[in-house]
Amino acid sequence: MASPSHPDIERVLWTEDDILGRVAELASQISLDFEGGSPPLVVVGVATGAFLFLADIVKRISLPLRVDFVRVESYGSGTESSGAPRISSDLKLDVEGSRVLVVEDIVDTGHTLSALIAHLRSKGAVSVSVCTFLDKPARRKVRLELVGEGKFYRGFECPDCFVVGYGMDFNELYRNLPYVGVLKPKLYS
Ligand code: PRP
């Protein structure tokens, strides 16, 4: 395992190589599962955290697809979910009749995805799948109900600690780290 290159990082959980290897595996699986064309696939990234994962994974999915973003506010500037997410920036594309793949950086309580899945269902998506880079099942508060033939993909199971990098932030910093690391607790406690 590589040593942390940023002084605020206590330890690295996944290096850039670990991440890109896993992203390639996920993209292959998704390409197989969604092969066959119709209805069209829309990949929806959840801003801001998913921006690097979304960019890396869509480059490796060998299918025609469209890309859009939503913004869902849930954490503010703290480390705990408010439990009442709000869709503050909606899709540009019409997803009625489409298969949707939501791309997230992390699922924690599940409140954000649960609200987003309900929103996509109400917009007429025929299926809603989820591909999250990290999953923290120990912290789940709500069960995720996928839509139609929707599938759930995850890159890695994440231990219950505060992680940053590869899109994930604390106070909007650290998103540009190419690896995922544990933030030193003294920085937020
Ligand atoms: C993070 C993350 C997920 C959500 C997961 O977003 O990107 O969207 O929290 O938490 P939950 O499962 O408990 O709802 P955040 O609100 O921090 O915004 P960001 O993507 O802009 O960092």
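**Exercise 1. Tyr166**

Task: In this predicted model, is Tyr166 buried or exposed? Place Tyr166 in the fold and describe its phi.

Solution: 
- Step 1. Take the relative accessible area of Tyr166, which is 4%. The cut-off for buried is under 20%. Tyr166 is therefore buried.
- Step 2. Locate the residue. Tyr166 sits in the loop between strand 8 and strand 9 (180-183).
- Step 3. Check the backbone. Phi of Tyr166 is positive, about 50 degrees, although Tyr166 is not a glycine.
- Step 4. Look at the ring. Tyr166 belongs to a cluster that ring pairs build from Trp14, Phe53, Phe133, Phe156 and Tyr166.

**Exercise 2. Glu172**

Task: Which loop holds Glu172, and is Glu172 buried or exposed?

Solution: 
- Step 1. Glu172 lies in the loop between strand 8 and strand 9.
- Step 2. Its relative accessibility is 52%. Exposed requires over 50%, so Glu172 counts as exposed.
- Step 3. Phi of Glu172 is near 70 degrees, a positive value in a residue other than glycine.

**Exercise 3. A peptide bond**

Task: Which residues does a cis peptide bond join?

Solution: 
- Step 1. The cis bond joins Ala47 and Thr48. Its omega is about 0 degrees.

**Exercise 4. Aromatic pairs**

Task: How many aromatic pairs does the structure hold? Then classify the pair of Phe162 and Phe170.

Solution: 
- Step 1. The structure holds eight aromatic pairs.
- Step 2. For Phe162 and Phe170, the ring centres are 5.7 Å apart and the planes make 85 degrees.
- Step 3. Planes over 60 degrees apart count as edge-to-face, so the pair of Phe162 and Phe170 is edge-to-face.
- Step 4. Phe162 has a relative accessible area of 13% and is buried. Phe170, at 12%, counts as buried.

**Exercise 5. The ligand shell**

Solution: 
- Step 1. A polar backbone atom of Asp108 is 2.9 Å from a ligand oxygen.
- Step 2. Take the side chains. Thr112 brings a polar side-chain atom to 2.5 Å from an oxygen atom of the ligand. In Asp169, an N or O atom of the side chain is 3.1 Å from a ligand oxygen.
- Step 3. Turn to burial. Taken alone, the ligand exposes 500 Å². The protein buries 92% of that.

**Exercise 6. Buried strand residues**

Task: Are Val163 and Thr132 buried or exposed?

Solution: 
- Step 1. Val163 is in strand 8 (residues 163-164). Its relative accessible area is 6%, so Val163 is buried.
- Step 2. Leaving out residues up to four places away in sequence, Val163 touches Leu13, Ile106, Leu134, Cys158, Met168, Val180, Gly181 and Val182.
- Step 3. Compare sequence with space. Val163 and Arg11 are 152 residues apart in sequence, with C-alpha atoms 9.7 Å apart.
- Step 4. Thr132 is in strand 6. Its relative accessible area is 0%, so Thr132 is buried.

**Exercise 7. Helix 2**

Task: Which residues of helix 2 are buried, and which elements do they pack against?

Solution: 
- Step 1. Helix 2 spans residues 51-58. Phe53, Leu54, Asp56 and Ile57 are buried there.
- Step 2. These buried residues pack against helix 1 (16-33), strand 2 (41-47), strand 3 (65-73), strand 5 and strand 6 (127-135).

**Exercise 8. Ser5**

Task: Where is Ser5, and is Ser5 buried or exposed?

Solution: 
- Step 1. Ser5 is in the segment before strand 1 (9-14).
- Step 2. Its relative accessibility is 61%, so Ser5 counts as exposed.
- Step 3. Ser5 and Tyr179 are 174 residues apart along the chain, and 9.7 Å separates their C-alpha atoms.

Methods
Residues numbered from 1 in each chain as written. Predicted model: local features only at pLDDT ≥ 70, side-chain atom pairs only at ≥ 80, totals over all residues. Heavy atoms only, no water. Polar contact = N/O pair within 3.5 Å; in protein donor to acceptor, adjacent residues only side chain to side chain. Areas by Shrake-Rupley, 256 points an atom, 1.4 Å probe, with all protein chains shown as cover. Helix = DSSP H or I, 4+ residues; strand = E, 2+ residues; numbered from the N terminus. Buried < 20%, exposed > 50% of the residue type's maximum accessible area, 1.4 Å probe, protein only. Contact = heavy atoms within 4.5 Å. Phe/Tyr/Trp six-rings, centres within 6.5 Å; stacked < 30°, edge-to-face > 60°.
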